[in-house]
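Okay, I'll keep this short.

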Amino acid sequence: MKTLLTFCCFIALTFSAAAQSGEWIELFNGENLDGWKISENSQSFQVEDGVIKVAGPRGHAFYNGDVANHDFNNFEVIAEVKTMPGANSGIFIHTQYQEDGWPNVGYEIQVNQSHGDWRKTGSVYSFQDVRDVYVEDGEWYTEHIIVQGDIVTVKINGETVNVYDQSKDENRKDGLGTKKVDHGTIALQAHDPKSVIYYKSVKVKLLPD
């Protein structure tokens, strides 16, 4: 028991040191969804051949693990993603666990190449949207989100496609509500039963406050 406790403490300190040094930390272990908490329809998230397959009714997989106690402020996240034709998903930032419905806290960064929704991959959903499509369904690509202060930057395969500055959003002078950059975890979205999406890596890097 003492040996096990020592090992667990070592792992925790390793996570902490890596996070403090600004290194990339993988949140998906490639085997199961340990460290993730799924809302509504758990069957919509499965691990197949070392990859998270998202397919099924609406649900969200919230990161609930040890890295930064799943509470990020300034940080980066890079996901390796593949969408199938007609698929819709999203990566939520600065959110929190919610048992059902679309998350009310934080921003959704859109994942969508060919779904009917005109808001495409890279959109800060409904706040600053992207109409252009930068990748094809069926191919792996990287979606890189950088959150620094009031600014959210989205890169697709290394190309910057969106820079949203919350402080300069003239439509939000009367109050931000809960859809804002603040702090919180990330979440992956299962949008609908016809959408099939794959995530094979989700990495974070903490940035200085």
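So, Glu 80: it counts as partly exposed, because its relative accessibility comes out at 26%. Keep in mind that this is a predicted model, by the way. Which side chain does Glu 80 meet in a salt bridge? That's Lys 200, with an N to O distance of 3.9 Å. Lys 200 sits in strand E13 and Glu 80 in strand E6, so this pair ties together parts of the chain that are 120 residues apart in sequence. Lys 200 is partly exposed too, and its relative accessible area is 33%.

Glu 76 belongs to strand E6, which covers residues 75-83, and Lys 205 to strand E13, residues 196-206. That's another link between distant parts of the chain, with 129 residues separating the partners. Is Glu 76 buried or exposed? It's at 11% relative accessibility, so it counts as buried; the cut-off for buried is under 20%.

Next pair, and here we leave the strands. Asp 129 forms a salt bridge with Arg 119, and the closest N and O atoms are 2.9 Å apart. Where do these two lie? Both Asp 129 and Arg 119 are in the loop between strand E8 (107-111) and strand E9 (141-148), so the pair ties together parts that are 10 residues apart in sequence. Asp 129 itself is partly exposed, at a relative accessible area of 25%.

Okay, over to the strands. There's an open sheet of five strands, and if you walk across it the order is E2-E5-E12-E7-E8, with antiparallel pairing. The edges are strand E2 (36-38) and strand E8, each of which pairs on one side only. From one strand to the next, the twist averages 20°. E8 is also one of the strands that flank the loop with Asp 129 and Arg 119.

Strand E5 (residues 59-63) runs antiparallel to strand E12 (residues 185-190), and the two pair over four bridges. What is the bridge partner of Gly 59 in E12? It's Ala 190.

That's my tour, thanks.

Note on methods. Residues are numbered from 1 along each chain as its sequence is written. This is a predicted model: local features need pLDDT of at least 70, side-chain atom pairs count only at pLDDT 80 or more; totals for chains, interfaces and linings use all residues. Side-chain values use heavy atoms; hydrogens and water are left out. Buried means under 20% relative accessible area, exposed over 50%, partly exposed in between (1.4 Å probe, protein chains only). A salt bridge is a side-chain nitrogen of Lys or Arg within 4 Å of a carboxyl oxygen of Asp or Glu. Two strands pair if DSSP finds at least two bridges between them. Axes are lines fitted to C-alpha atoms, for helices over the stretch in contact, and angles run from 0 to 180 degrees between N-to-C directions.
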